[in-house]
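Biologist: Please present the model, and then let us examine its helices and selected residues one by one.

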Amino acid sequence: MPRAFSSWKFRAYHLDETRAGALLETWFDATAHLPDDAFSAWIMNGSQVTILLTTIGSAGESGVAAFRKRLGAQTSKASAAPVVPISKSVTWYYGGPGPEFFKNTSAGYYKSFADIRGALPGIFFEVLTKPGLVFQINTMGGAITHGADGASNIPDGVYPHRSYGYLGEAQAYWESPFHASDLRAAIGRIRDHIARAGVTAHYANYPDLAFQDWPAAYYGAGNYARLQSLKKRWDPEDRVRHPQSVRLPG
């Protein structure tokens, strides 16, 4: 287990669509140079953006240092948490007592800023005008694209999206059921903006019943056919089923 965990937080306030887009483009460029043991997230909530950076490696690594310098210069406030043992940092990510009313859905995978650029005006409009909406992009990073030993030939598996470096999330949170339908509708409009931008690959653990061709979006057409073969072998009576479960071949 790594010995220590380092983390930083950057905040920008009172953003409009233009400034939010410029900051996001800078974030994409800076994250491209992060080492495998670092992670970053870009989180827009209303007119505020929070950027997270964590690493289980060296806080002085060149990509980490360059990221901190660039994002620190373009945001309003930067803070660093004390370097702590991994065992202590894990507790920061424990869930709350709940329950919490929310809708969380995949906003697609991206290889670069260009993949999501066309959807941003619509996404930013929704987030800026609908309190409770959050748009987040996470780096995938690590050895997801090349294997732990540095090899580029990763063993073939059910997860088909290893070539993408980024994963988006569209989130909505509400305290009163009265606001649920309005926020769900806004999530739907964000989903449509993303689809029109040509983003079709999605994360199965952030599902949405409204995704078109969800088998290909989650698993890729080839992988889904293989999953159907496994389904026929191990679950021929379709005992494991829900609206987006793997279907028996037919």
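**Contacts, helices and backbone**

Modeller: Ser-40 is in contact with Trp-27, Thr-31, Leu-34, Ile-51, Leu-52, Leu-53, Phe-67, Ile-137, Asn-138 and Thr-139, once residues up to four places away in sequence are set aside. The model in which these contacts were computed is a predicted one.

Biologist: Which strand holds Ser-40, and is Ser-40 buried or exposed?

Modeller: Residues 38-45 form strand E2, and Ser-40 lies within that range. Its relative accessible area is 0%, and the cut-off for burial is under 20%. Ser-40 of strand E2 is therefore buried.

Biologist: What distance separates the C-alpha atoms of Ser-40 and Pro-82?

Modeller: Along the chain, Ser-40 and Pro-82 are 42 residues apart.

Biologist: How are the axes of H1 and H2 oriented, roughly parallel or roughly antiparallel?

Modeller: Helix H1 spans residues 17-31 and helix H2 residues 62-74, and their axes come within 10 Å. The axes cross at roughly 175°. Angles over 145 degrees count as roughly antiparallel, so the relation of H1 to H2 is roughly antiparallel.

Biologist: Which residues of H1 and H2 meet, and how many of the contact residues are nonpolar, polar and charged?

Modeller: From H1, the contact takes in Ala-22, Leu-23, Thr-26, Trp-27, Asp-29, Ala-30 and Thr-31; from H2, Phe-67, Arg-70, Leu-71 and Gln-74. By class, the residues of this contact divide into 6 nonpolar, 3 polar and 2 charged.

Biologist: Ala-20 also has its place in helix H1. Which residues are in contact with Ala-20 beyond four places in sequence?

Modeller: Ala-20 is buried, with a relative accessible area of 0%. Its C-alpha lies 24 Å from that of Trp-174, a residue 154 places away in sequence. With neighbours within four places left aside, the contacts of Ala-20 are Leu-15, Trp-42, Met-44 and Phe-124.

Biologist: What span does H6 reach, and which elements cover its buried residues?

Modeller: H6 has 17 residues and reaches 25 Å from first C-alpha to last, close to the 24 Å expected. Its buried residues are Ala-180, Leu-183, Ala-186, Ile-187, Gly-188, Ile-190 and Ile-194. The elements that cover them include strand E5 (101-110), helix H4 (113-117), helix H5 (120-129), strand E6 (133-139) and strand E7 (166-174).

Biologist: Why can the buried residues of H8 be said to line one face of the helix, and which helix do they pack against?

Modeller: H8 covers residues 221-234, and its buried residues are Asn-223, Tyr-224, Leu-227, Gln-228 and Lys-231. Viewed down the axis, these residues fall within an arc of 145°, so they line one face. Lys-232 and Arg-233, on the other side of H8, are exposed. The partner of the buried residues is helix H7 (214-219).

Biologist: Where is Asp-213 found, and is Asp-213 buried or exposed?

Modeller: Asp-213 is found in the loop between helix H6 (180-196) and H7. Its phi is near 50°, a positive value in a residue other than glycine. At 53% relative accessibility, against a cut-off of over 50%, Asp-213 counts as exposed.

Biologist: What is the relative accessible area of Asp-238?

Modeller: Asp-238 is found in the segment after H8. Although not a glycine, Asp-238 has a positive phi of about 55°. Asp-238 is partly exposed, and its relative accessible area is 22%.

Biologist: Which residues is Ser-89 in contact with beyond four places in sequence?

Modeller: Ser-89 lies in helix H3, residues 86-89. With a relative accessible area of 3%, Ser-89 is buried. Its contacts, leaving aside neighbours within four places, are Phe-5 and Val-84.

Definitions and conventions. Residues are numbered from 1 along each chain as its sequence is written. This is a predicted model: local features need pLDDT of at least 70, side-chain atom pairs count only at pLDDT 80 or more; totals for chains, interfaces and linings use all residues. Side-chain values use heavy atoms; hydrogens and water are left out. Axes are lines fitted to C-alpha atoms, for helices over the stretch in contact, and angles run from 0 to 180 degrees between N-to-C directions. Helices (H or I, at least four residues) and strands (E, at least two) are DSSP runs, numbered from the N terminus. Angles under 35 degrees count as roughly parallel, over 145 as roughly antiparallel, 65 to 115 as roughly perpendicular and the rest as oblique. Contact means heavy atoms within 4.5 Å. Ala, Val, Leu, Ile, Met, Phe, Trp, Tyr, Cys and Pro count as nonpolar, Asp, Glu, Lys and Arg as charged, and the others, Gly among them, as polar. The expected span of a helix is 1.5 Å times one less than its number of residues. Buried means under 20% relative accessible area, exposed over 50%, partly exposed in between (1.4 Å probe, protein chains only). The arc is that of the directions from the helix axis to the C-beta atoms.
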